[in-house]
Amino acid sequence: MRKKTVKMMIAAMVCSCVLSNTGIVSYAAEEKDTICNVGSVSKTYVTTAVLQLADRGLVNLDEPVVTYLKDFRLADERYKDITVRMLMNHSSGLMGSTFGESFLLEDNDMISHDTLLEKLSVQRLKANPGEYSVYCNDGFWVLELLVEAVSGESFTDYIANHIAVPLGLTQTGTPVDMFQKPEMIDIVINGNRIGNEYVMDIGSGGIIASASDLCKYGSGYFFHSDGTKKSLLSEESKEQMFTSYAKTEYDTPYGLGWDSVAEPEFEKAGVKVVMKGGSTAQQFASLMVAPEEEISVAVLSAGDFSMGSMAVAKSLMMYLLQEEKGIPVEDIAIENQQTCESVPREYRKYEGFYTSGSDIFRVEFPDMRYMRTIACDVDNPKTTNYKMTTDGRFVRMDGEIEKEVQDPNQQILEFIRRENGKIYIGQEVNTLYDGFSVYHNKEYMAEKLDDLEVSDDLLEAFRQYEGTYCLYSGKYSNMGFSSRISELKVSESCPGYLLDTKGNLSLMKIVDETHANAFAQIPGQNGRDQNDITIETEDGNTMILAPDLDMKFIRVSDAPTLNRKMTGVTTKKDKAVWYSLDESTKGMTMYFEKPERASIYVFDKFDKMVYSSYMLDWPDEIALPSEGRIVFVGDDDVTINFTLK
């Protein structure tokens, strides 16, 4: 943990049935508790709202979504089969995340909320509704709209009236009613404070809360045997919420809105524990609740500590179960696996190329002694070695295979053929965070690629589109301009596949001269956020249209060089202006006034953002890198004046 970049807020609550033993611990810097985006923990709030409506007889979870949201439609007739429950357990088949204007800096514009159904109407489904569960943000954004349609209240008002007030939460809300609160946590990027980030797909990731409020919120799910305490839901709804939808051991044990309702180490101890993690660009949240034991733990942090936040929450839950309830919980034991000196020849059928959603890697068995994976289509391909275990799996080795040393951060892989006939790799990961508990996860890691027959002419047509692309569409406050950089490439290892080596776009199959489509069907996390793209030309520039993300990218490898004689740039809405920086700008400094209704971002040659006009402590000047790029984004007819010296 890097102490300079991580700030953490922790709260834990333990309640006995008669409220005789209640304790809250909260750490914050201000008089009021620090507040933070809780990210995807927001999914439990919108799920709770829907279940409350179900408790009132206003929603049936197994009715189609169109029953309640009349304008919900996709360019795929299967959308009529999507039920409310499928949105809640990630099995709707929606493509993933229509990002658009959902991540904003110093802005709470609701345009993405207002246009979501329009954006979805041009998308297809990536799977049959209910076929399998794969993490999907858009499903919970649709639920937000459903809550508003059925209740007649804005989602912000619903959260206040039906969740915050009943539980006595005083620092919980949305970007609408919590905008520009002084107790919002500082965000630091590359050592610089930056303005507040707001997530405008509120049902999926936009709730804001303090650690103590998030902890109290978790107590709203306690199972109260005597019925004397306030609960958010009926006992029947809580039972539904906490039922796992996993079909196999590698399926994520999603409940309704929760990441996991079946944590193995707690189940072994006879304790039901549910958990949900959340992350935005720079903020992280973890909520763990033991509803029968009446324990809630919340951890919020800002900085590079996502999985670590969950490890802290888990450690606190284990401690409280022991100290307050007398229930010992044994952590996952990371034990060396018994290995074999050879691999049976039948495993040859698993050799080939695989994807984890956006990448390509090759699996091979050198001399049938061990397994090796090799990253493909990258400048510095990473090779990882695995030895076969006596139970037919493969454990990752640390360094050279001859050293016989297993990696202390354990990864164990297994080949699986699912009912759809496809071959997958299942993964078990056990990672120890010093001083905390083991982070444990089992999931489908990758899907085996099919061989494609694509003509040389078609491959050549797409090779002309290769290059570096950056976000082109979007409001000036869109956080995507700080990170949405793609490197489009036709795969050399697997002709016919198109990939983004930066990982912002999913792996795609080339369809024709201007289209490539997503195809991966990986349950869990790795099959999320799939996208089809269209290549088009606008004003002589090569563009990528990704309607499933609600984004347009421009090939910046063709961008003109910033001219030292320039004195300003005039912007147009949804048309970012990109310039390259080269030796001609080396040693130059740009002087300007931070623009209103516009923004500036500067990147070095490694695509690392080195400046943003949203940086709070930076003077109105920036020394330009000798290689890199700069972008100007603004509303219509905004002139950003500057001087280059």
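Buried means under 20% relative accessible area, exposed over 50%, and partly exposed in between (1.4 Å probe, protein chains only).

## Basis

This is a predicted model: local features need pLDDT of at least 70, side-chain atom pairs count only at pLDDT 80 or more, and totals for chains, interfaces and linings use all residues. Residues are numbered from 1 along each chain as its sequence is written, and side-chain values use heavy atoms, without hydrogens and water.

## Threonine 589

Threonine 589 is buried, at a relative accessible area of 15%. It sits in strand E31. Strands (E, at least two residues) and helices (H or I, at least four) are DSSP runs, numbered from the N terminus. Beyond its neighbours within four places in sequence, threonine 589 is in contact (heavy atoms within 4.5 Å) with Glu621, Ile622, Ala623, Thr643, Leu644 and Lys645.

Strand E36 covers residues 638–644, and its side chains alternate. Val638, Ile640, Phe642 and Leu644 point to one face and are buried.

Two strands pair if DSSP finds at least two bridges between them. E31 (residues 589–592) pairs with E36 in the antiparallel sense over three bridges. Here phenylalanine 592 stands opposite phenylalanine 642. E29 (residues 568–571) also pairs with E36 in the antiparallel sense, over four bridges. Glycine 568 has asparagine 641 of E36 as its bridge partner.
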